[in-house]
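Hello,

Here is the structure I promised to pass on to you. Please have a look at it first, and then read on for what turned up.

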Amino acid sequence: MHITFGRRSRLTALGAGLIAAAALAVSAAGPALADTVDTGGSASLAIPDTLLVGLAKSAIIVLPETPVTSSDAAGADTYTLPVTGGNGEVSNFYGTLDLGGSINVTDAATGKSVAITGIQLNFFTGALTGIFPGATHHTTLAYLNGDMSESSSAGPPATETFSCDELDLSLKAATALNTGLATKAFKRGTSIGAFTTTYDVTIS
């Protein structure tokens, strides 16, 4: 199955996620439902070279940390992160997808650095999230936007795929980066690139 949808359809998908959440809550007192477990795969964030060059002019560099890998092609630097777990279900925009590794943002002029860890794709909120230094909770890094598509395959192994051609930097992330690096380089709403993931799923 392959479905492509735009910004308006994303609201419908999020609504389906709310319905799914309500259904799970109602069923809590009844027979147990099957749970989706994400068991592997990868996710890629393609950051435009133009954005990276613009940041570099402010002495800001963005570096992936192991096990995140990087490759440059088609005008973008693509960071590939392993899927390490989660319960994300792209068919109804529910749950989260856990991604391994971290991304380090550094001001080469001052030596200040911000490491973003605990990166997740949150289908329910329609956002990429992560943990900033000193924090104990996830902060929204960027919102899913633009044209999106999803597909699934029965396998084996069973897989689900999601992609969007735009991720918009959140106000909280821009503020955290500007504060941590003592800069003004990050602006809310900046498109930080395209995102895609394919991951293995099992039903327990």
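Leaving aside residues up to four places away in sequence, E166 touches Y143, L144, N145 and G146, and also S191, G193 and A194. Please keep in mind that this is a predicted model. You will find E166 in strand β11, which spans residues 159–169. With a relative accessibility of 25%, E166 counts as partly exposed, because buried would require a value under 20%. T190 lies 24 residues from E166 in sequence, and their C-alpha atoms are 9.6 Å apart in space.

Next, have a look at helix α2, residues 49–56, where the buried residues are L51, L52 and L55. These residues span an arc of only 95° around the axis, so they sit on the same side of α2.

At least two lining residues come from each of β2, α2, β7 (102–107), β8 (113–122) and α3 (171–181). By type, the lining has 19 nonpolar residues, three polar and one charged.

Enjoy exploring it, and do write back with any questions.

Best wishes

Definitions and conventions
Residues are numbered from 1 along each chain as its sequence is written. This is a predicted model: local features need pLDDT of at least 70, side-chain atom pairs count only at pLDDT 80 or more; totals for chains, interfaces and linings use all residues. Side-chain values use heavy atoms; hydrogens and water are left out. Buried means under 20% relative accessible area, exposed over 50%, partly exposed in between (1.4 Å probe, protein chains only). Helices (H or I, at least four residues) and strands (E, at least two) are DSSP runs, numbered from the N terminus. The arc is that of the directions from the helix axis to the C-beta atoms. Contact means heavy atoms within 4.5 Å. Ala, Val, Leu, Ile, Met, Phe, Trp, Tyr, Cys and Pro count as nonpolar, Asp, Glu, Lys and Arg as charged, and the others, Gly among them, as polar.
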